[in-house]
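Q: Could you go through this model with me? I'd like to start with a single side chain and then move on to the helices.

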Amino acid sequence: MTKVSKKYISKERIDRIYKLLFNLLIKINNKEQAKQILSELLTSTEQLMIAKRIACYYLISSNLTIAEISDILKLSTSTVFYFRINYKNNKLLRELLANFI
């Protein structure tokens with residue numbers, strides 16, 4: 001599990017930190033840059049966690065069953081069910097994943 005400092009950071013500062021992150025991500029132009037940035041920012045475990053989440057949403061969009069997705073990605077069925085609910089409630093995510101199918 002990733003450690004996050006318990007020291008207080010103001011909401012304004014957190015907003016500025018996220019703005020920096022999002023602006024950096026927007027500037028990525030290709031897969032090689034994305035790979036370099038993700039390798040620098042995230043541990044291999046964190047990268048895998050994010051990749052499995054995206055893969056889970058992708059497999060949900062491909063109409064696989066919860067059991068199939070759970071078996072393929074080695075996630076619990078409750079985790080896949082949770083992502084399925086999120087997928088159904090997130091129009092932007094559905095539109096972005098539709099471009100991959």
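Q: Is Lys35 buried or exposed?
A: Lys35 is exposed, with a relative accessible area of 56%, where buried means under 20%, exposed over 50% and partly exposed in between (1.4 Å probe, protein chains only). This is a predicted model, in which local features need pLDDT of at least 70 and side-chain atom pairs count only at pLDDT 80 or more, while totals for chains, interfaces and linings use all residues. Residues are numbered from 1 along each chain as its sequence is written, and side-chain values use heavy atoms, with hydrogens and water left out.

Q: Which helix is Lys35 in?
A: Lys35 is found in helix H2, residues 31-41, helices being DSSP runs (H or I, at least four residues) numbered from the N terminus.

Q: OK, on to H5, which of its residues are buried?
A: The buried residues of H5 are Val80, Phe83 and Tyr87. They lie on the same side of H5, because they cover an arc of only 60° around the axis, the arc being that of the directions from the helix axis to the C-beta atoms.

Q: And what do the buried residues of H5 pack against?
A: They pack against helix H3 (44-61), helix H4 (66-73) and helix H6 (91-98), with contact meaning heavy atoms within 4.5 Å.

Q: Which residues are exposed on the other side of H5?
A: Ser78, Tyr82 and Lys88 are exposed there, on the other side of H5.

Technical notes: Helix = DSSP H or I, 4+ residues; strand = E, 2+ residues; numbered from the N terminus.
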